[in-house]
Amino acid sequence: MSVLTRDVSCREAVELVTDYLEGALSARERRSLERHLGKCDGCAGYLEQVRAVVVVTGAVGPEDLDPETMAGLVQLYEQYKADT
Amino acid sequence: MLLEKLLVGDQDAFRVLVGRYHNSLVRVARYHVDSDAAAEDVAQDTWVAVLRGVHRFEGRSSFKTWLFKILVNRSRTAGSRDRRQVSVDPTSVEPAVAPSRFDAAGAWTDPPTPFDDLVSAHLDDAVVVRAIRDAVRELPEPQQAVVTLRDVEGLSTYEVSALLGLTEGNVRVILHRGRAKVRAALEGAVRGGLS
């Protein structure tokens, strides 16, 4: 039976989360997932975790540049300025 | 403001931009070229192109979008290899959550530990920061490039698909797998005793 015609399991629901957050599910898939989320604390918690991951990943940003790479790039910058 | 300072030759403005974006540029370059050294070169070339072109930047797109477009163009002309064809098999077995956490019917036996409040309360916590950065750095390609552009840099799925030459559907499949790994790493860190 397809995911579209019966209740999704938790194992299936977690695989729909990204498309759900991206607004890429069909109306039917979305309803099916939302019905499941409404009665499953585990999957609702999973969705909240993924939402938190997206927020925190953006807030944390890329790691700091190591001083050696920074020094090399500043040198490149000074060279560029000297040449122009 | 930063760009105006860059235009008048302010080295500090350059340092701020480089500090903020260089590592992400290298990550995304690494998707297009076949070695870390080549990716570093492409990222450096990108900064030179930024210095040359900043007076022409009109602000029609965000600086970030403009910067990554330059990077992708430099990656292509670097010629280490043509933009690779990424094949994404949506049916391949790479579950978002370890199968051992579900019973035979697919219901949770080990449900997620809620951490939304915990994580925001600990955003400055070195454990959270390290868990996220390590997880993103350890992602395989193309997940690393997609997660970097979509979640670290916050570009839209459409922009990511255009920059990487992927369909939006494939961006979502790759993003799903990458995010699942970052989530698992963060849950591991939270369960490991943040509280």
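1. Helix H8 of chain B, residues 157-164, is largely enclosed by the rest of the structure, because 6 of its 8 residues are buried. This holds for a predicted model. The buried positions are Thr157(B), Glu159(B), Val160(B), Ser161(B), Leu163(B) and Leu164(B).

2. After H8(B) comes Gly165(B), which has a positive phi near 65 degrees.

3. Chain B is divided into domain 1, spanning 2-78, and domain 2, spanning 99-191. Their C-alpha centres lie 25 Å apart. Across the boundary, 10 residues of domain 1 of chain B are in contact with 12 residues of domain 2 of chain B. On the domain 1 side, helix H2 (11-32) and helix H4 (63-78) of chain B each supply at least two of the touching residues. That side of domain 1 of chain B comprises 4 nonpolar, 2 polar and 4 charged residues.

4. Between the chains, helix H5 of chain A (residues 67-83) packs against helix H3 of chain B (residues 36-53) at an angle of about 35 degrees, and the axes are 11 Å apart. The crossing of H5(A) past H3(B) is right-handed.

5. Which residues make up this helix contact? From H5(A) come Leu73(A), Leu76(A) and Tyr80(A), which meet Gln44(B), Trp47(B), Val48(B) and Leu51(B) of H3(B). By class, the residues of the contact of H5(A) with H3(B) are 6 nonpolar and 1 polar, with no charged residue.

Definitions and conventions:
Residues numbered from 1 in each chain as written. Chains lettered and ligands numbered in written order. Predicted model: local features only at pLDDT ≥ 70, side-chain atom pairs only at ≥ 80, totals over all residues. Domains from an automatic or database assignment. Contact = placed C-beta atoms within 7 Å. Helix = DSSP H or I, 4+ residues; strand = E, 2+ residues; numbered from the N terminus. Nonpolar A, V, L, I, M, F, W, Y, C, P; charged D, E, K, R; others polar. Buried ≥ 20, exposed ≤ 12 C-beta atoms within 10 Å, placed from the backbone. Axes fitted to C-alpha atoms, helices over the stretch in contact; angles between N-to-C directions. Left-handed = near helix turned anticlockwise from the far one by under 90°.
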